[in-house]
Amino acid sequence: MKKTVLDLTVVENTHVNDKYVLIKLTHSQPLPEMLPGQFVEIRVDGTGQTFLRRPISINFVDRQRNELWLLVAVVGDGTRHIAQVRQGDVLNCVLPLGNGFTMPTGAEQRVLLVGGGVGVAPLLYMGAEMQRMGCEPTFLLGARSAKDLLLIDEFSKYGRVLVTTEDGTQGEPGFVTNHSVWCKEQFDRIASCGPKPMMVAVAKVAREKGISCEVSLENMMACGVGACLCCVEKTTEGNLCVCKEGPVFEINRLLWLN
């Protein structure tokens with residue numbers, strides 16, 4: 001898929017909570033094709049401390065409004081600067097980058113989308129694309145507490161939403177792998193993104209149940225094209241750059257469970 005460098009204009013910047021912002025961007029021309037699980041690299045302007053672009057997952061693509069949504073976790077100087085943009089500001093983005101999730105082959109497939117923290121971001125676009133194909137997803141979203149859950153109302157537009165919180169303030173208590181849905185229902189495929197310990201736990205359950213599972217890795221990525229070797233992951237095929245060969249991997253390609 002062709003990569004493009006675009007100056008995108010900020011339509012809206014909403015503070016989801018004290019840690020996350022949702023930035024909506026547009027362009028004078030139709031946005032390029034993007035797949036669920038791909039990401040963009042944003043240039044951080046106006047600061048002498050941040051020299052490398054920041055990788056951000058594609059949260060959603062609204063074709064009717066020609067908008068790209070990015071859910072940004074404010075974790076350092078670069079993302080803090082990005083989070084301060086206002087309506088009318090411009091962000092220089094390279095997109096789309098990486099390889100996305102494998103989409104269902106038919107409407108009858110039962111797919112569980114498991115996310116935690118900012119890792120829920122790419123699952124919204126995947127769920128929307130699945131619904132467009134006639135395949136209703138089930139979302140299983142985890143957080144530390146109710147106040148840390150992200151975009152629940154948006155997810156509910158595209159499928160059933162199940163929730164776990166570590167403190168039990170919403171949904172079922174515990175981690176995503178503790179949810180009762182694992183015992184009550186069968187799924188054909190799993191897609192997951194979030195903290196590595198969560199994805200490893202999901203991968204273990206998937207392997208035990210014989211379910212095909214893909215995970216989206218969040219290794220540190222600087223260049224986005226496999227040149228800087230910052231994001232190397234050990235796999236069954238040797239060391240691979242997550243930004244170029246991923247970020248989505250089938251769990252059997254990884255060494256997590258060996």
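## Exercises on a predicted model

Glu 154 belongs to helix α3, which covers residues 152-155, and the model in which these exercises are set is a predicted one.

**Exercise 1.** Decide whether Glu 154 is buried or exposed, and find which residues Glu 154 contacts once its neighbours within four places in sequence are left aside.

*Solution.* Begin with the relative accessible area of Glu 154, which is 17%. The cut-off for buried is under 20%, and therefore Glu 154, at 17%, counts as buried. Next, leave aside the neighbours within four places in sequence; Glu 154 is then in contact with Trp 69 and Leu 124.

**Exercise 2.** Work out the order of the strands in the open sheet of seven strands, and state which strands form its edges.

*Solution.* Reading across the open sheet, the order is β4-β3-β7-β1-β2-β6-β5, and the pairing is antiparallel. The strands that pair on one side only are β4 (54-57) and β5 (60-62), and these are the edge strands. Neighbouring strands of this sheet are, on average and with direction ignored, turned by 40 degrees against each other.

**Exercise 3.** Trace the pairing from β9 to β10 and from β10 to β11, giving the direction and a pair of opposite residues for each step.

*Solution.* Strand β9 (residues 138-143) and strand β10 (residues 160-165) run parallel and are joined by six bridges, with Thr 138 standing opposite Arg 160 in β10. Strand β10 is in turn joined by two bridges to strand β11 (residues 172-173), and these also run parallel; here Thr 164 stands opposite Glu 172 in β11.

**Exercise 4.** Find how many cavities of 30 Å³ or more the structure holds, and describe the lining of the largest cavity.

*Solution.* A search of the whole structure gives one cavity of 30 Å³ or more, and the volume of the largest cavity is about 30 Å³. Its lining consists of Gly 117, Val 120, Gly 142, Ala 143, Asp 148, Leu 149 and Leu 150.

Note on methods. Residues numbered from 1 in each chain as written. Predicted model: local features only at pLDDT ≥ 70, side-chain atom pairs only at ≥ 80, totals over all residues. Heavy atoms only, no water. 1 Å grid on protein atoms, 1.4 Å probe; cavity = no way out; pocket = protein on both sides within 12 Å on 5 of 7 lines; lining within 4 Å. Points joined across faces, edges and corners; volume = space filled by probe spheres on them. Helix = DSSP H or I, 4+ residues; strand = E, 2+ residues; numbered from the N terminus. Buried < 20%, exposed > 50% of the residue type's maximum accessible area, 1.4 Å probe, protein only. Contact = heavy atoms within 4.5 Å. Pairing = 2+ DSSP bridges. Axes fitted to C-alpha atoms, helices over the stretch in contact; angles between N-to-C directions.
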